[in-house]
Amino acid sequence: MSDRDPIADLRRIAFLLERANEATYRVRAFRSAAAALSALSAADVAERARDGRLTELPGVGDVTARCVTESLEGTEPVYLRRLLATEGLDLDAEATALRAALRGDCHTHSDWSDGGSPIEEMALAAVELGHEYLVLTDHSPRLKVARGLTADRLRRQLDHVARLNAELPQGFRILTGIEVDILADGSLDQDEELLARLDVVVGSVHSGLNDERSKMTRRMVTAIANPHLDILGHCTGRMVSSRPAGVVGPGDRGHRGRTRKESDFDADAVFAACAEHDKAVEINSRPERQDPPKRLIRRALEAGCRFAIDTDAHAPGQLDWQRYGCERAARCGVPAERVVNSWPADRLTEWALRH
Ligand SMILES: [Zn+2]
Ligand SMILES: [Zn+2]
């Protein structure tokens, strides 16, 4: 038995979430769990924790049950530790420092797929922002609505990028890449030989977002284990708001100003796979995505994952959205050294090549 009080821990978490202005439903989860537990005796709570029956109580879910179990074991719940580590930080300063540490962007689109601007305009905007590199990640063939590039068009794009790089300012490079669809069986939607040639590969789920939990988990873990994939793009697929005014590219199939719930998958298994294979979890900066949500960023951090803070820009002005991702990352305590796009281009491409 420990002298930690699981109910006090749940209430403390709720308080810290409220103070950090997190969504009401998230706060309520901790407050309801605290209320449910306080109706029981301490012995009853301990017994339920031992038998894994905490979640049978109304108002207690997986996350809150885990906090209770950790608390009963005498350790500070991971969720609480993460919140405490970031409370009182000057978030503006933290986010600004993180943004300043970034040297490039690993997820961007041009008018070769569903972006609104030519590659050179995207590159010049990136130069203006002070980036040292921009990874060009247009869509893969199956994403027809986004004019996904066939193998032939991607080959032509690689030649085009090589020519552009010769003309761009010294010290700046366009890195080659793709946002490749993760198909239903977890395979990647482009020729192996091409994927191997690219500097950086972002893999994302764009179809079957409502796959059943175990199927989605298997699908994502298979893709993460694929040596070609370097970064797991917008992992939950959620849409938190309608697209902001002025966005040129559709950005995503089927998203017409609607919100969309998160895909269901075993986040611990997915993040463990990312950590094991040394792949990065993307923190997607698009205001309508904000993906992954902060609670999952914290879990990925705890799992030992690396991150990429990317804009998924479909137009030059959107390259400046990186600060939104930095704010969210700073709020979760993500340190710059865990962020692969804080590295110089050579280190980034060496890391990608090692996979
Ligand atoms: Zn995408
Ligand atoms: Zn994208």
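Mentor: The zinc ion (ligand 1) is coordinated by E179 (OE), H206 (NE2) and H234 (NE2), at 2.1 to 2.2 Å. Donors here are N, O and S atoms within 2.8 Å of the metal (3.2 Å for Na, K and Ca), and since water is not among the atoms, sites may look incomplete. Along the chain these donors follow the spacing E-x26-H-x27-H. Helices (H or I, at least four residues) and strands (E, at least two) are DSSP runs, numbered from the N terminus. Both E179 and H234 are buried; buried means under 20% relative accessible area, exposed over 50%, and partly exposed in between, with a 1.4 Å probe and protein chains only.

Before going further, two notes on the source. This is a predicted model, in which local features need pLDDT of at least 70 and side-chain atom pairs count only at pLDDT 80 or more, while totals for chains, interfaces and linings use all residues. Residues are numbered from 1 along each chain as its sequence is written, chains are lettered from A and ligands numbered from 1 in the order in which they are written, and side-chain values use heavy atoms, with hydrogens and water left out.

Back to the metal site. E179 bridges the zinc ion (ligand 1) and the zinc ion (ligand 2), which lie 3.4 Å apart. The protein donors of the zinc ion (ligand 2) are H107 (NE2), H109 (NE2), E179 (OE) and D312 (OD), at 2.0 to 2.2 Å. Their spacing along the chain is H-x1-H-x69-E-x132-D. The four donor atoms around this zinc ion (ligand 2) subtend angles of 80 to 169°, so the arrangement is irregular. For comparison, four donors count as tetrahedral if all angles lie between 85 and 135 degrees; four count as square planar and six as octahedral if opposite donors are over 155 degrees apart and all others between 65 and 115; anything else is irregular. H107 and H109 are both buried.

Next, the strands. Strand β7 (residues 306-310) has four of its five residues buried, so the rest of the structure largely encloses it. Strand β6 (residues 280-284) runs parallel to β7, and five bridges join the two. Two strands pair if DSSP finds at least two bridges between them. Within this pair, E282 stands opposite A308 in β7. Together β6, α12 and β7 make a right-handed β-α-β unit. A crossover is right-handed if, with the strands pointing away from the viewer, the path from the first strand over the helix to the second runs clockwise.

E302 is partly exposed at 31% relative accessible area, and R81 is partly exposed at 37%. Another salt bridge joins R286 and E288, with the closest N and O atoms 2.8 Å apart. Here R286 is buried at 1% relative accessibility, and E288 is buried at 2%. Elsewhere, salt bridges that share partners join D152, R155, D191 and E193 into one network.

Last, the aromatic rings. Rings of Phe, Tyr and Trp (its six-membered ring) pair if their centres lie within 6.5 Å; planes under 30 degrees apart count as stacked, over 60 as edge-to-face and the rest as tilted. A search of the whole structure finds three such pairs. The centres of the F30 and Y79 rings are 4.9 Å apart and their planes stand at 55°, so this pair is tilted. F30 is in helix α2 (residues 24-38) and Y79 in helix α5, 49 residues apart, so the pair links distant parts of the chain. F30 and Y79 are both buried. The W343 and W351 rings have centres 5.8 Å apart and planes at 80°, so this pair is edge-to-face. W343 and W351 are both buried.

Notes: A salt bridge is a side-chain nitrogen of Lys or Arg within 4 Å of a carboxyl oxygen of Asp or Glu.
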